[in-house]
Amino acid sequence: MSIKAAITGVNGFLPEDKLTNSDLEKIVETNDEWIFSRTGIRERRILKGENLGTSYMAAEAVKGLLKKTNTKPEEIDLLIVATVTPDYFFPSTANLVCTQVGIPSIGSFDILAACSGFIYALSTGAQFIESGRYKKVVVVGADKMSSIVDFTDRTTCVLFGDGAGAVLLEPNEDGLGLIDFRMHSDGTGENHLIMKGGGSKYPASHETIDNRLHYIRQEGQSVFKFAVTKMADTAAEIMESNELTGDDVAWLVPHQANKRIIDATANRMGIGFDKVMMNIEKYGNTTAATIPLCLFDYESQLKKGDNLILAAFGGGFTWGSAYIKWAY
Ligand code: UT7
């Protein structure tokens, strides 16, 4: 049997500080009823502390992962971080994480695919295992969204939170692990969801700061329309090509942007809500971290051989899905 890349451990890190809907009522004109009924969010975590960036949360998640899986830092062959909130443009957050964790001189890099980042990074990391090149690959999804959220914009500041999740990938010859994946993108998404300032097109200047270009901007309704269709499409397409029915799927692991999008995806897949991993209520949208944080929260309920469908949609636009047979 061919080598598959199996997830053999998962860990999450969430900052302690909570920002509840009632806290937000004091900052912008909003209310708990609006936020919860439109999104499913009650509270989110915020990383506080001077000069702590995404790498801090990612490194904490990885340190816990190595401890849990009894893995020494020097055994890791490759580390990938999916993020839209890197500590810096360069060095990459993955480089910084390796140093903070004490993983010596391996290849490490970031992947930018917004809310689909974890699926992109997982699919990429898996290739190095499947080819036989590497034995232990760490894949992280981490975002400090509070660093790019405009806390005067009620249409976005209620949606996002901070967090990190990490998985260990190892070879499996019993048919367990990543069975299939899909990755998609459409750059016209820049018109609807973007952080415009600070890149090579609009480098940081007084003007970009005055125009608040260093914050996330989203046309919620347009993104919703794309998200609700594409996330369901990609989940359905991977099920069809692998001849899976709703009954065959043990869990949908969806990106946590909006409970209404998640419900629509589950409906399209023909699976009940009891099979849907959901933690949006507690953490909001943590971008690349939502899917590994779901796996972390539901780890104790997973059984060896369970069929999992991961599905995400996000900025770019990017969207994608993965079919995993759980390995432990
Ligand atoms: O993860 C990356 C991909 N992102 C997504 O998938 C997000 C997709 N979009 C969404 O989830 C939804 O569009 C939102 C949750 C962002 C917004 O929900 P919506 O039902 O599309 O609301 P809306 O933008 O149509 O706004 C409805 C009303 C507006 O007022 P008027 O014009 O009807 O008077 C908004 O100004 O709600 C108002 N509004 C708010 N009211 C209270 C917008 N934000 C808020 C708020 N509190 N925080």
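User: How many salt bridges does the rule find across the interface of domain 1 and domain 2?

Analyst: Side chains of opposite charge can pair when their charged atoms come close. The rule used here asks for a side-chain nitrogen of Lys or Arg within 4 Å of a carboxyl oxygen of Asp or Glu, and across the interface of domain 1 and domain 2 it finds four salt bridges. Please keep in mind that this is a predicted model, in which local features need pLDDT of at least 70 and side-chain atom pairs count only at pLDDT 80 or more, while totals for chains, interfaces and linings use all residues. Residues are numbered from 1 along each chain as its sequence is written, and side-chain values use heavy atoms, with hydrogens and water left out.

User: Where do domain 1 and domain 2 lie in the chain, and how many residues does each give to the contact?

Analyst: Domain bounds come from an automatic or database domain assignment, which for this protein chain gives domain 1 as 4–175 and domain 2 as 179–325. With contact taken as heavy atoms within 4.5 Å, 52 residues of domain 1 and 48 residues of domain 2 take part. The C-alpha centres of the two domains lie 14 Å apart.

User: What is the area buried between domain 1 and domain 2?

Analyst: The size of an interface is often given as the accessible area lost when the parts come together. Here that loss is computed with a 1.4 Å probe and summed over both parts, and it comes to about 3,800 Å², with carbon and sulfur atoms giving 65%. On the side of domain 1, Cys115, Ile119 and Tyr120 supply 17% of the area buried against domain 2, more than any other three residues.

User: How many residue pairs are in polar contact between domain 1 and domain 2?

Analyst: A polar contact is a pair of N or O atoms within 3.5 Å; within protein, one must be able to donate a hydrogen and the other to accept it, and residues adjacent in sequence count only if both atoms are side-chain atoms. Between domain 1 and domain 2 the count is 19 residue pairs, both residues being at pLDDT 80 or more.

User: Which residues are closest to the ligand, and which polar side-chain atoms lie by it?

Analyst: A residue counts as near if one of its heavy atoms lies within 4 Å of the molecule; 23 residues surround the ligand, the closest being Thr30, Arg154, Gln221, Asn258 and Asn285. A polar side-chain atom of glutamine 218 lies 3.1 Å from a ligand nitrogen. Ligand oxygen atoms are found 3.0 Å from a side-chain N or O atom of histidine 255 and 3.2 Å from one of arginine 260.

Definitions and conventions
Buried area = accessible area lost by both parts, 1.4 Å probe.
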